[in-house]
Every structure is written in C-alpha cells, then in structure tokens.
Amino acid sequence: MRTRGAVLREAGTEYEIVDLEVVDPGPGEVLVEMAYAGLCHSDEHLRHSNPGGRYPIVGGHEGSGVVLAVGPGVTGVAPGDHVVTSFLPACGHCRYCATGRSNICDAGATIAIGQLPTGTYPFRLDGEPLGGFCIVGAFARHTVLSEFSCVRIDPHLPLDTAALLACSVPTGWGSAVYSGGTRPGDVVVVVGLGGVGVNAVQGARHAGAAHVIGVDPVAMKREFAASLGATHTVADAGEAAQLARHLSRGTGADVVVVTVGKMSAGVMAGASACLGKGGTLVLTALADHPREGHVDLNGQMTTVFEHRVQGSLFGSCNPFRDIPMLARLAEEGRLELDSLVTRRYALDELNQGYRDQAAGETVRGLLVHGG
C-alpha cells in the first residue's frame with residue numbers, strides 16, 4: 001500500500017514529507033494505521049546524527065494507532081485492536097527479557113536502522129528499502145511493526161493521549177520510580193522539564209517523595225511542573241543544589257533525574273552538585289552527537305559518598321507491563337495525561353513543531369495523522 005510519511009534523507013536536514021510504499025506484514029508482523037505521534041526530542045537528535053544507523057529513515061517512535069492486518073503467527077493483536085507502539089521491542093524470551101530487563105531486549109538491536117527483527121524493512125522509497133526509527137516509523141500514516149512492538153490497549157482509551165504512553169510518560173515516570181528507586185520521604189531533583197521531565201515529576205510524587213524540585217530555565221515549563229506535583233521549581237541547577245541541601249537538612253537530594261534535551265558535561269556537573277550522600281543520579285538525557293555526551297565523573301566523591309550513577313532507557317520499564325498499568329493510573333485520576341499535550345500539528349507542520357520545541361514553547365507536541 002501507499003502512504004505519506006516524514007523522512008530524514010541525511011543528517012543535518014529537516015523532515016521531508018514523501019509518498020512511501022509500505023510492505024505487507026510478514027510472519028510476526030503487524031500493519032498499523034497510525035493515529036497520533038508524539039514529537040519526542042529523540043527524533044530531533046535523529047536529525048543531527050544516527051550512530052550505528054542509516055539514512056534515509058522514517059522518523060517517529062512514540063505513537064498510537066489501529067491494527068489493520070497481521071502476518072502469519074501473530075497472536076498478541078488482531079485487526080481492529082488499538083495499540084501503543086513500544087520503541088523498544090520486547091520478545092519475552094532473550095536473556096534480558098527473561099531477567100526482567102525487557103527495555104534492553106535483544107530484539108532492539110536494529111532500532112537505529114529500523115530493520116524489523118525478521119530482517120525486512122517496513123518501507124520503500126523510490127524502490128529502495130527504508131527503515132522506521134526505533135523499528136516504528138510513527139511519522140508515517142501507515143507502518144509495519146513487529147508484534148514485539150505492539151502493546152494492545154482498551155478501545156475506550158483516547159488514542160491521542162495514549163500515544164504519550166509509548167515513550168515520554170513511562171520514560172520519565174520510570175526514571176524516577178524504577179531507575180532512581182525513589183522512596184517515601186525522599187528529596188528528588190528533576191533537571192529538565194520537557195515531555196520526559198514532567199513525567200519524572202509525576203513518578204517521584206507517586207513514589208512518595210516529600211519534595212520534588214523541578215529545574216528548567218523556561219518559566220512556562222516550571223509552572224506546568226508545579227501543576228503536576230513539583231513542590232519547588234527553579235531556573236538552574238545551582239539553585240536546586242542549595243534548595244536540596246536545605247530541604248534535606250544539609251545532605252542533598254536522594255535522587256537526581258537528568259532529562260534535559262541535550263546532555264553535556266555542564267549539565268552533569270550541575271546535576272552531580274545536587275546529589276547527597278548515598279544518592280542516585282539517573283541519566284536519561286541524550287546528546288545530539290555521541291561525542292557531545294561525554295561527561296566527567298568525580299571518582300573520589302562517588303566512592304566516598306557512595307553515589308550511584310544509573311543510566312535509564314525507557315525508564316527501565318517493561319512496555320507490556322507498564323503501558324497498561326500507566327493507562328489504568330490515568331483512568332483512575334492518579335496520572336495526568338490530558339494536559340501534557342501543548343500543541344497539535346498536521347504532518348506538513350512537523351518541522352514547525354520541532355522549531356516550537358526548540359524555542360521552549362511546548363512541553364509535548366502531538367502529530368495528528370489524517371487530521
């Protein structure tokens with residue numbers, strides 16, 4: 001079938017809206033008509049570099065849609081099912097899935113090139129095979145996914161806010177709850193209050209943190225974080241470090257979650273200064289280029305104060321467990337989803353959406369397919 005989608009032809013360019021050919025779903029594969037896709041910062045990083053990957057590539061990995069057809073052997077979903085994409089497929093059988101670490105499942109080895117676990121590519125452009133970012137390609141109206149990347153949700157759930165359960169909500173929530181191990185009474189600092197950071201705020205409050213300090217230079221984002229449970233908000237990490245020491249009676253934060261749009265040595269230094277003895281520093285942020293993500297770690301301080309530095313991919317979540325669980329929390333009024341979407345964009349407005357994000361005007365932009 002033919003569809004329209006947003007493609008990056010090479011690094012340093014903007015998304016180009018093109019006509020694509022979508023392959024038929026093969027064994028273990030699912031054809032999905034996408035309804036919505038979140039404008040995640042990871043797809044903005046993709047504009048600058050794609051380490052270990054290839055161009056051209058269809059962007060988008062945070063999405064929701066409806067199953068149109070399934071290939072042989074698919075048992076998890078059926079035509080008509082509503083699904084949320086998992087940008088990290090979970091096979092359920094590899095050693096990582098078997099030990100409760102499905103967020104680093106072996107089936108995700110090809111997320112940078114977009115090749116399905118079967119070895120095929122979901123799209124063709126001018127006769128050439130083309131992948132979808134994170135084996136999803138949510139910026140295309142139609143895409144073929146692995147069954148391992150499709151999480152079925154109840155049909156009554158709104159597909160627009162459900163799309164955020166594909167990445168930003170579990171990544172932020174899990175960064176505080178699972179990766180950071182936030183406990184009742186903790187002092188938590190969240191550095192960066194975009195689409196991921198505000199959900200780290202929600203996760204920290206859900207886990208029982210006594211104080212959640214949100215850090216962002218953009219006033220609108222600080223105000224929004226406060227509406228989601230941040231007890232204090234400040235413009236920079238220096239202020240956060242002083243506040244964390246005051247609120248902890250002199251030690252510092254128990255958990256610091258870094259969710260800025262661009263990781264750097266300066267961000268690392270500021271976040272580390274907030275951390276108290278025995279604290280955990282969670283690194284969820286990425287850089288545009290891998291070389292820009294190099295950071296310094298004071299080994300002496302880490303040893304003496306028994307700091308823990310924890311990388312966090314997808315918030316250490318399991319998509320097939322946590323996406324439905326977070327949807328239930330939202331239904332029960334214990335997790336905010338509706339207000340997370342700042343603006344909505346048509347496919348032709350995708351690049352403007354990312355310009356708005358760069359200007360600090362949105363917490364989360366949402367691409368509306370077929371609108």
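This is a predicted model: local features need pLDDT of at least 70, side-chain atom pairs count only at pLDDT 80 or more; totals for chains, interfaces and linings use all residues.
Val215 belongs to strand E12, which covers residues 211–215 and runs parallel to E13, with three bridges joining the two.

Now zoom out to the sheet around that pair. Six strands make it up, in the order E13-E12-E11-E14-E15-E16, and the sheet is open, with parallel pairing. At its edges sit strand E13 (232–234) and strand E16 (308–311), each of which pairs on one side only. On average, neighbouring strands here are turned by 15° against each other, if you ignore direction. As for what holds such an arrangement together, strands of a sheet pair through backbone hydrogen bonds, and they can do that either parallel or antiparallel.

Next come the helices that pack on this sheet. Which strands does helix H4 touch? Helix H4, residues 168–179, is in contact with strand E14 (253–258), strand E15 (275–283) and E16, and its direction makes about 145° with that of E15. Helix H5, residues 197–206, packs on the sheet as well, touching strand E11 (187–191), E12 and E14. The direction of H5 makes about 170° with that of E11.

Helix H5 is worth a stop at one residue, Gln202, which is found in this helix. Is Gln202 buried or exposed? Its relative accessible area is 8%, and the cut-off for buried is under 20%, so Gln202 is buried. Leaving out residues up to four places away in sequence, Gln202 touches Trp173, Leu228, Leu335, Glu336 and Leu340.

Finally, step back to the whole chain. It holds eleven helices and 18 strands. Its radius of gyration is 20 Å, close to the 21 Å from the globule rule for 371 residues, so the chain is as compact as a globular protein of that length. Along the principal axes, the C-alpha trace spans about 60 × 40 × 35 Å.

How much of the chain is buried? Of the 371 residues, 58% are. The accessible surface comes to about 14600 Å², and carbon and sulfur atoms account for 51% of it.

Methods. Residues are numbered from 1 along each chain as its sequence is written. Side-chain values use heavy atoms; hydrogens and water are left out. Two strands pair if DSSP finds at least two bridges between them. Helices (H or I, at least four residues) and strands (E, at least two) are DSSP runs, numbered from the N terminus. Axes are lines fitted to C-alpha atoms, for helices over the stretch in contact, and angles run from 0 to 180 degrees between N-to-C directions. Contact means heavy atoms within 4.5 Å. The radius of gyration is taken over C-alpha atoms; the globule rule is 2.2 Å times the number of residues to the power 0.38. Buried means under 20% relative accessible area, exposed over 50%, partly exposed in between (1.4 Å probe, protein chains only). Accessible areas come from the Shrake-Rupley method with a 1.4 Å probe; for residues, only the protein chains shown count as cover.
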